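Have the structure open beside you as you read.

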Amino acid sequence: MKISYLPEVFTAAMPVLEKLEAAGYEAYFVGGCVRDLLIKRPIHDVDIATSAYPEEVKQTFAKSIDTGIQHGTVTVLYGGGSYEITTFRTESGYQDFRRPDKVTFVQNLDEDLKRRDFTINALAMNRQGEIVDLFDGLGDLDRHLIKAVGNAEERFHEDALRMMRAVRFMSQLSFQLEGKTRQAIVANHELLSKISVERIREEFVKLALGPDSRRAFREFLDTGLSEECPGLKGQKARLAIFPDLKAGPDEEAVFWSLIVIMLNLPVGQIAAFMREWKNSNAMSQQVKKIVAAFDLLSQRAASDFDLFAIGRENLQAALKIADLLGQPLPGRSLQDRYERLPIKQSSELTIDGQWLIRQGIKPSPALGQLLRRALTGVVEGKVDNDPDAIAAFLQI
Ligand SMILES: Nc1ccn([C@@H]2O[C@H](COP(=O)(O)OP(=O)(O)OP(=O)(O)O)[C@@H](O)[C@H]2O)c(=O)n1
Ligand SMILES: [Mg+2]
């Protein structure tokens, strides 16, 4: 198979392949970029595999960075682009199910492709646009299958994260798991516990935000993978709501909030759960606010001040969650009410503490209460946002 028309990301990278070939080495585009080209997905970056050793790659180009030189990867800066160039390699050892004990460089592309995870990711393309397909990755692209290269058990023992990658690709590509690959995940799901949470999280979030996340999440539960994830052990029944959502989440904060809501976590446990997953404090704070907003809106009629305190973005996220869960909330009218609020931020209030002091109020808890009354009054439309009107309203 030969591709006649190549997108710009590839043509821009051609001189890199040419330079390596001119220096006497073999060089190919490999992995996700070739897969995405063939199924017409947007391509973010291209990866290059070569017979040149890292030192030789560095000698071929003027500018390079040792990004992962111990694994054979050099990042080359060329013609305004940046390219990861990895020496053909095979890996051996894998005592810990995540990193090869040693990387062995090999002299041909075939050996390199053999140790890759899935057939659809084990494709290479040369400078002429010819596809190298040793494991019928093209057939699996047609059949919409995620299938391990060679023996699935071996591939998952080499790197257990690949089991998460399998369900992540299901979601992103709307593919199915091939039978033996699926069986190998079921049989080996416990190996995932050896993998760092950061790496698992990255795949989990990609799964959640992919177009087919609900079906992929079902497999994440059914294969046992969820049992190896922070805070999800023994929670299959609760998480089983996810595949029945009206649609998948389209934002990370909405996704984590949904998980927290499905798990029915008390407010006090949200931060610890988010930390276990190595989420940022900012994400954790955002999720806490969205979940609190969702709880409030589900439990009682929100006042204008409630809406003000929730804020536009968290309101939208909470309403989105209610919609995905099929819990009817009067979303439109709540949003309309929010948009009609006289002010959206405390800073928009025309008075502040200093102003109250100038009116003769002493710095004290009472001053704070006055300020709060002024803010509530303005937000709820009981008084105009004007110092004179507020002074009369507060009777000062
Ligand atoms: N655990 C892994 C990770 C990666 N790879 C190989 O390395 C390539 C590049 O990896 P990566 O960029 O992580 O994944 P992509 O398949 O390119 O997917 P994405 O579009 O998310 O980058 C993969 O296609 C695959 O051939 C692998 O065999 N095993
Ligand atoms: Mg990639």
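Let's start inside helix H16, where Asn 314, Leu 315, Ala 317, Ala 318, Lys 320, Ile 321, Ala 322 and Leu 324 are buried. Please keep in mind that this is a predicted model.

How far apart are the end C-alpha atoms of H16? The helix has 13 residues (312-324), so at 1.5 Å a residue it should span 18 Å, and the distance between its end C-alpha atoms, 18 Å, agrees with that. After H16 comes Gly 326, with a positive phi near 70°.

## The annotated C-terminal span

An unreviewed UniProt entry carries the annotation "domain: CCA-adding enzyme C-terminal" for residues 251-393. In the model, residues 251-393 are 69% helix and 0% strand, and the end C-alpha atoms of this span lie 42 Å apart.

## The sheet

For strands, turn to the open sheet, which has 7 of them in the order E3-E4-E5-E2-E1-E8-E9, with mixed pairing. Strands E3 (63-68) and E9 (131-133) each have a single partner strand and stand at the edges, so one side of each is left without a neighbour in the sheet. On average, neighbouring strands here are turned by 35° against each other, direction ignored.

Conventions
Residues are numbered from 1 along each chain as its sequence is written. Chains are lettered from A and ligands numbered from 1 in the order in which they are written. This is a predicted model: local features need pLDDT of at least 70, side-chain atom pairs count only at pLDDT 80 or more; totals for chains, interfaces and linings use all residues. Two strands pair if DSSP finds at least two bridges between them. Helices (H or I, at least four residues) and strands (E, at least two) are DSSP runs, numbered from the N terminus. Axes are lines fitted to C-alpha atoms, for helices over the stretch in contact, and angles run from 0 to 180 degrees between N-to-C directions. UniProt positions are given in the numbering used here, feature names are shortened, and annotations may be inferred rather than shown by experiment. The expected span of a helix is 1.5 Å times one less than its number of residues. A residue is buried if 20 or more other C-beta atoms lie within 10 Å of its own, exposed if 12 or fewer, and partly exposed in between; C-beta atoms are placed from the backbone.
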